[in-house]
Amino acid sequence: MALKTGDAAPSFALEDQDGQMRRLEDLKGKILVLFFYPKDDTPGCTAEACTFRDQHSDLTALGAEVWGVSGDDAVSHRRFAERHQLPFPLLSDNTGNLRRSFGVPKTFGLLPARVTYVIDQQGVIQLVFNNLLDGPAHVKEAEAVVRTLAAG
């Protein structure tokens, strides 16, 4: 079942492109922008990731962390991050367990959907934004919620 605004985010631990374990629990007291995307180096995913890159300093200045998630492996993530100078971790969900725990759907039953979550300082989901075709819109929606949370 898909998680919605007001739900507690499920606990997780996944490795990023550099082999560092990333855990939701490590972010207590911080805001997390967690964006699920279909695949490294595809046009829509590149546009989304680069828009998060371009707004990264604004988001971190507001006290947020940004983490991307796809089913690609660490090698693919490392290439993708280096090619586009992405300053945030890309988590490898090669089993799809994290995607399933959040209830991220598949588009047309095939493609992993593009869904962004903003998780507040207490681990509660404050935004669920699902839009496969407009990756940059995810950044705009997430930033608006992060600004509200940061303002207290």
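The legends below describe close-up views of a predicted model.

**View 1. The largest nonpolar core of the predicted model.** This core has 24 residues, and Val-33, Phe-52 and Val-118 touch the most other members. Two or more residues come from each of strand 3 (31–36), helix 1 (43–61), strand 4 (64–70), helix 2 (74–83), strand 9 (125–130) and helix 4 (135–151). Among these elements, helix 4 gives the most, with 6 residues. A second, separate core of 20 residues includes Leu-14, Leu-24, Trp-67 and Phe-102.

**View 2. The surroundings of Phe-52.** Which residues are in contact with Phe-52, leaving aside its neighbours within four places in sequence? They are Val-33, Phe-35, Leu-59, Val-66, Phe-88, Thr-116, His-138, Val-139 and Ala-142. Phe-52 also belongs to the largest nonpolar core, where it is one of the residues that touch the most other members.

**View 3. Helix 4 and what covers it.** The 17 residues of helix 4 should span 24 Å at 1.5 Å a residue, and its end C-alpha atoms are 25 Å apart, which agrees. The buried residues of this helix are Gly-135, Ala-137, His-138, Val-139, Ala-142, Glu-143, Val-145, Val-146 and Leu-149. Their cover includes strand 3, helix 1, strand 4, strand 8 and strand 9. Just after the helix, Gly-152 takes a positive phi of about 85 degrees.

View 4. A polar contact of 3.1 Å joins its side chain to that of Gln-55. Leaving aside neighbours within four places in sequence, Glu-143 is in contact with Gln-55, Asp-58 and Leu-59.

**View 5. The salt bridge between Glu-48 and Arg-114.** The structure holds 8 salt bridges, and in this one the side chains of Glu-48 and Arg-114 meet at 2.7 Å, N to O. Glu-48 lies in helix 1 and Arg-114 in the loop between strand 7 (111–112) and strand 8 (115–119), so the pair ties together parts that are 66 residues apart in sequence. Both partners are buried: Glu-48 has a relative accessible area of 0%, and Arg-114 has a relative accessibility of 4%. Side chains of opposite charge can pair when their charged atoms come close.

**View 6. The salt bridge between Lys-30 and Glu-65.** The side chains of Lys-30 and Glu-65 meet at 3.1 Å, N to O. Lys-30 lies in the loop between strand 2 (21–23) and strand 3, whereas Glu-65 lies in strand 4; the pair thus links distant parts of the chain, 35 residues apart. Lys-30 is partly exposed, with a relative accessible area of 38%. Glu-65 is also partly exposed, with a relative accessible area of 21%. Another salt bridge of the structure joins the side chains of Asp-7 and Lys-4 at 3.5 Å, N to O.

**View 7. The polar contact between Arg-83 and Asp-41.** Arg-83 lies in helix 2 and is partly exposed, with a relative accessible area of 46%. Its side chain makes a polar contact of 2.5 Å with the side chain of Asp-41. The C-alpha atoms of Arg-83 and Asp-41 are separated by 9.1 Å, and the two residues are 42 residues apart along the chain.

Notes
Residues numbered from 1 in each chain as written. Predicted model: local features only at pLDDT ≥ 70, side-chain atom pairs only at ≥ 80, totals over all residues. Heavy atoms only, no water. Core = buried A, V, L, I, M, F, W, Y, C linked by side-chain atoms within 4.5 Å. Buried < 20%, exposed > 50% of the residue type's maximum accessible area, 1.4 Å probe, protein only. Helix = DSSP H or I, 4+ residues; strand = E, 2+ residues; numbered from the N terminus. Contact = heavy atoms within 4.5 Å. Polar contact = N/O pair within 3.5 Å; in protein donor to acceptor, adjacent residues only side chain to side chain. Salt bridge = Lys/Arg side-chain N within 4 Å of Asp/Glu carboxyl O. Expected span 1.5 Å × (residues − 1).
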